[in-house]
Amino acid sequence: MEISHAHTANIAADIKTQAASLGFDACGYARAQAVDERARRCYRQWLDDGRHGCMAWASRHADVRDDPRRLLDGAHTIVMLAMNYRPPRLQAAGAPQFAWYAYGRDYHEVLRERMRQLATFIRESTGCECRCCVDTAPLRERYWAQQAGLGFIGRNNQLILPGRGSYFFLGAVLTTLELPPDTPCLLTCEGCGACVAACPAGALSGDGAVDARRCLSCLTIELREPLPSWAGQAMGNRVYGCDACQHCCPHNSLAAPTDLADFHPTEQFLRLDAEAIRQMTPGEFSLLFSHSAVKRVKLNGLQRNLAAIDEAKLTDNDHNI
Ligand code: SF4
Ligand code: SF4
């Protein structure tokens with residue numbers, strides 16, 4: 001479909017307005033093309049070093065990950081979207097801690113619903129095809145978010161939106177519509193290395209890559225086997241995921257809480273303590289987490305994590321006697 005330059009400029013602005021009205025906090029455009037050679041090489045090296053650990057999916061579909069045009073025939077643009085999830089209320093400090101992204105409703109559901117509405121808007125306004133991806137396709141979301149000008153990838157491997165921090169979910173709408181690409185964000189972490197120092201598991205080397213074999217977020221959520229023996233000590237009180245490399249980041253010091261009720265924690269979630277997790281039945285787990293990202297770890301995974309924390313505390317106590 002032929003679209004005039006004036007109409008393209010209008011539709012580019014309209015899509016961003018529509019994204020904002022759907023609750024997205026940032027929206028930018030990147031040209032759909034192969035990732036640059038440096039990014040491609042770094043990713044291959046990360047895989048070759050085995051740093052993807054238990055995330056076997058990371059090594060699949062490398063050709064698609066290198067070139068998002070393989071995800072949608074005729075794709076011209078990647079519309080990158082970010083949505084704030086910083087919870088307005090937090091768990092009590094003594095409770096087993098969940099990563100903030102998992103406090104509310106499963107982001108896959110929340111973002112997908114809204115991205116589909118955006119895709120419908122694009123289709124109806126232009127006749128162009130769209131494909132929505134929210135962790136559902138081999139797409140390098142952070143790389144494309146940087147290309148689309150949303151922010152930069154920090155040494156903690158998170159996308160950082162300047163002035164707004166990193167507590168954002170990312171989604172991508174690939175489209176055959178040609179939109180004017182935004183300017184990539186060229187900021188960097190400069191002299192800071194706070195996240196490398198704060199990581200309780202030594203998973204960050206400072207080059208922006210994470211060693212998933214040590215990262216507590218990967219181990220407590222993705223690993224289907226027993227945790228390594230050192231993990232309980234490193235976990236402290238983290239029962240699901242880890243935010244240490246985000247909480248310490250100076251860019252997050254002014255992160256505003258989300259207005260989106262979908263990402264607000266329920267009272268029931270905030271009341272969850274160690275004993276409740278220890279005694280939890282499959283039915284209770286399902287009631288509490290069936291629409292939460294936490295369902296990925298399953299009840300036995302959550303209780304495995306808690307057992308590792310308990311065991312590390314017992315060992316500590318023994319040493320203190
Ligand atoms: S999530 Fe936790 S363990 Fe993983 S890199 Fe960040 S601080 Fe380290
Ligand atoms: S803590 Fe410092 S080094 Fe780490 S991501 Fe934030 S700014 Fe970058």
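## Sheet, core and domain contact in a predicted model

Arg-31 has Thr-77 of strand E2 standing opposite. The model is a predicted one. The pairing to which these residues belong joins E1 and E2 (residues 77-84) in the antiparallel sense, over six bridges.

**The sheet**

E1 and E2 are part of an open sheet of four strands, ordered E1-E2-E7-E4, with antiparallel pairing. Strand E1 (26-31) and E4 are at the edges with a single partner strand each, so one side of each has no neighbour in the sheet. On average, and with direction ignored, neighbouring strands here are turned by 20 degrees against each other.

| Strand pair | Bridges | Sense | Residue pair |
|---|---|---|---|
| E1 and E2 | six bridges | antiparallel | Arg-31 and Thr-77 |

Helix H4 lies across E2, E4 and E7, and runs at about 30 degrees to E7.

**The nonpolar core**

The largest nonpolar core contains 91 residues, and Met-80, Leu-81 and Ala-82 have the most contacts inside it. Helix H4 (residues 107-126) supplies the largest share of this core, seven residues. Both domain 1 (5-87 + 104-175) and domain 2 (194-320) contribute to the core, with at least three residues from each.

Which residues does Leu-81 touch, not counting residues up to four places away in sequence? They are Ala-19, Phe-24, Cys-27, Met-115, Leu-170 and Gly-171.

**The two domains**

The protein chain is divided into domain 1, made up of 5-87 and 104-175, and domain 2, which spans 194-320. Taken over C-alpha atoms, the centres of domain 1 and domain 2 are separated by 25 Å. Their contact takes 28 residues from domain 1 and 30 residues from domain 2. On the domain 1 side of this contact, H4 provides the largest share, three residues. That side of domain 1 consists, by class, of 10 nonpolar, 11 polar and seven charged residues.

Conventions. Residues are numbered from 1 along each chain as its sequence is written. Chains are lettered from A and ligands numbered from 1 in the order in which they are written. This is a predicted model: local features need pLDDT of at least 70, side-chain atom pairs count only at pLDDT 80 or more; totals for chains, interfaces and linings use all residues. A nonpolar core is a set of buried Ala, Val, Leu, Ile, Met, Phe, Trp, Tyr and Cys residues joined through C-beta atoms within 7 Å. A residue is buried if 20 or more other C-beta atoms lie within 10 Å of its own, exposed if 12 or fewer, and partly exposed in between; C-beta atoms are placed from the backbone. Helices (H or I, at least four residues) and strands (E, at least two) are DSSP runs, numbered from the N terminus. Domain bounds come from an automatic or database domain assignment. Two residues are in contact if their C-beta atoms, placed from the backbone, lie within 7 Å. Two strands pair if DSSP finds at least two bridges between them. Axes are lines fitted to C-alpha atoms, for helices over the stretch in contact, and angles run from 0 to 180 degrees between N-to-C directions. Ala, Val, Leu, Ile, Met, Phe, Trp, Tyr, Cys and Pro count as nonpolar, Asp, Glu, Lys and Arg as charged, and the others, Gly among them, as polar.
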